[in-house]
Amino acid sequence: MTGPPTPPPSSAVEIEDAARTVLPPQVAASTLGATEPPAAEPIEPAPDAAHASPAENSKQSTTYELLFPSISDLARSGSLRELIEVAERGDLSGEYHADPSRLYLVAPLVLAYLIVDELSQARHALTRLPDNLTSFDLSKGLLHLLAATSERKYPAIYQYAEALHQFVLQPAFSDAGLGQILAGMITSFVEAFRTKTFKLLSRAYTSIPLSRAQSYLGYPPEQSQEVLNAAMASNWKFDQNTQILIPTPQPANSARGFGYMQSTLQAFTLVTDSVANLEARP
């Protein structure tokens with residue numbers, strides 16, 4: 001029989017002591033920004049001066065670097081709530097708030113919040129960074145993705161996500177460990193966002209053109225079969241002649257009451273608010 005669990009470290013000193021005991025320090029130098037992510041569509045990374053890596057900016061490992069292996073393990077296991085808790089505690093208790101290695105925690109933290117669709121918390125995590133860190137290309141890429149997601153600019157969301165994904169995997173992003181973790185989390189975000197959007201479309205539309213569904217779900221014209229596969233798996237119907245998708249009708253159930261109707265209306269509003277943006281695109 002075991003006793004009560006030991007409370008997690010909360011102060012910067014406790015975190016650093018615990019990390020030194022169980023976590024190997026990050027030894028690889030990393031470049032958190034070598035390419036300017038896009039500021040406007042179409043999104044194409046443009047060359048820019050490289051920022052110094054966290055290891056080069058720190059004479060010794062910071063608490064952010066020491067906690068990164070734990071963040072990495074939690075990201076790989078999909079334990080996003082635990083990741084958020086560890087990253088928030090480490091970020092708020094860290095002593096070197098302007099140190100570039102702080103992005104070892106903040107970047108995964110922002111992506112975790114995006115995956116679970118807690119956008120205000122993601123924005124808060126980014127906006128509390130000092131100016132010298134928000135100027136990093138990685139920070140800018142996250143800000144672009146967050147802004148597009150908040151405004152539900154569907155095509156831009158997928159374009160910024162793809163640009164950021166390529167950015168963290170390029171050779172100039174020399175910390176392969178951090179890059180791999182961020183790339184995996186970006187992929188998870190896109191998958192989660194597509195799944196949520198597909199469910200919203202099912203509730204908001206009685207019929208929708210295939211081309212519009214592709215825009216909402218971030219698939220180019222040549223990948224229309226991806227949308228059709230997802231639609232057929234959800235028992236949607238497809239009219240080949242008109243290229244119209246017909247979602248499965250929601251079953252009428254009075255037991256759902258006002259809460260369900262309100263939720264459906266909110267879903268319809270959320271999706272249709274961006275129709276004008278889609279139709280305005282050339």
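**Entry 1: a residue in α3.** I began with Ile71, which is buried, its relative accessible area being 0%. Ile71 belongs to helix α3 (residues 63–77). I keep in mind that this is a predicted model. Which residues touch Ile71, once its neighbours within four places in sequence are left aside? I found Leu83, Val86, Ala87, Tyr104, Leu105 and Pro108.

**Entry 2: the whole chain.** I stepped back for the overview. The protein chain holds 14 helices and five strands. It has 282 residues, of which 44% count as buried. I then looked at contacts between residues at least 6 apart in sequence, and 69% of these join residues at least 24 apart.

**Entry 3: helix α5.** I turned to α5, which covers residues 103–115 and so has 13 residues by the 1.5 Å a residue rule used for its expected span. From first C-alpha to last, α5 reaches 18 Å, close to the 18 Å expected. Is α5 mostly covered or mostly open? Mostly covered, I wrote, as 13 of its 13 residues are buried. Just after α5 I came to Asp117, which takes a positive phi of about 65 degrees.

Entry 4: I picked Thr149 in helix α8 (residues 137–150). Thr149 is buried, with a relative accessible area of 0%. I then moved to Arg152, placed in the loop between α8 and α9. Arg152 is buried too, at 9% relative accessible area. Its phi is near 55 degrees, a positive value in a residue other than glycine. I wrote a reminder beside that: most residues other than glycine have a negative phi.

**Entry 5: α9 against α10.** How do the axes of α9 and α10 cross? Helix α9 (residues 154–169) and helix α10 (residues 176–204) have axes that come within 8 Å and cross at roughly 165 degrees. An angle over 145 counts as roughly antiparallel, so α9 is roughly antiparallel to α10. The crossing is left-handed. On the α9 side I noted contact residues including Tyr154, Ile157, Ala161, Leu164 and Val168. On the α10 side, the list includes Leu182, Ile186, Phe189, Val190 and Phe193. By class, this contact has 13 nonpolar, five polar and one charged residues.

**Entry 6: α9 against α11.** I looked next at helix α11 (residues 210–217), whose axis comes within 6 Å of that of α9, crossing at roughly 45 degrees. That makes α9 oblique to α11. Here Tyr154, Pro155 and Tyr158 in α9 meet Ser215, Tyr216 and Leu217 in α11. The residues of this contact divide into five nonpolar, one polar and no charged.

Entry 7: My last stop was Gln243, found in the loop between β4 (237–239) and β5 (244–246). Gln243 is not a glycine, yet has a positive phi of about 60 degrees. Is Gln243 buried or partly exposed? I noted it as partly exposed, with a relative accessible area of 31%.

Note on methods. Residues are numbered from 1 along each chain as its sequence is written. This is a predicted model: local features need pLDDT of at least 70, side-chain atom pairs count only at pLDDT 80 or more; totals for chains, interfaces and linings use all residues. Side-chain values use heavy atoms; hydrogens and water are left out. Axes are lines fitted to C-alpha atoms, for helices over the stretch in contact, and angles run from 0 to 180 degrees between N-to-C directions. Helices (H or I, at least four residues) and strands (E, at least two) are DSSP runs, numbered from the N terminus. Angles under 35 degrees count as roughly parallel, over 145 as roughly antiparallel, 65 to 115 as roughly perpendicular and the rest as oblique. A crossing is left-handed if the near helix is turned anticlockwise from the far one by less than a right angle, and right-handed if clockwise. Contact means heavy atoms within 4.5 Å. Ala, Val, Leu, Ile, Met, Phe, Trp, Tyr, Cys and Pro count as nonpolar, Asp, Glu, Lys and Arg as charged, and the others, Gly among them, as polar. Buried means under 20% relative accessible area, exposed over 50%, partly exposed in between (1.4 Å probe, protein chains only).
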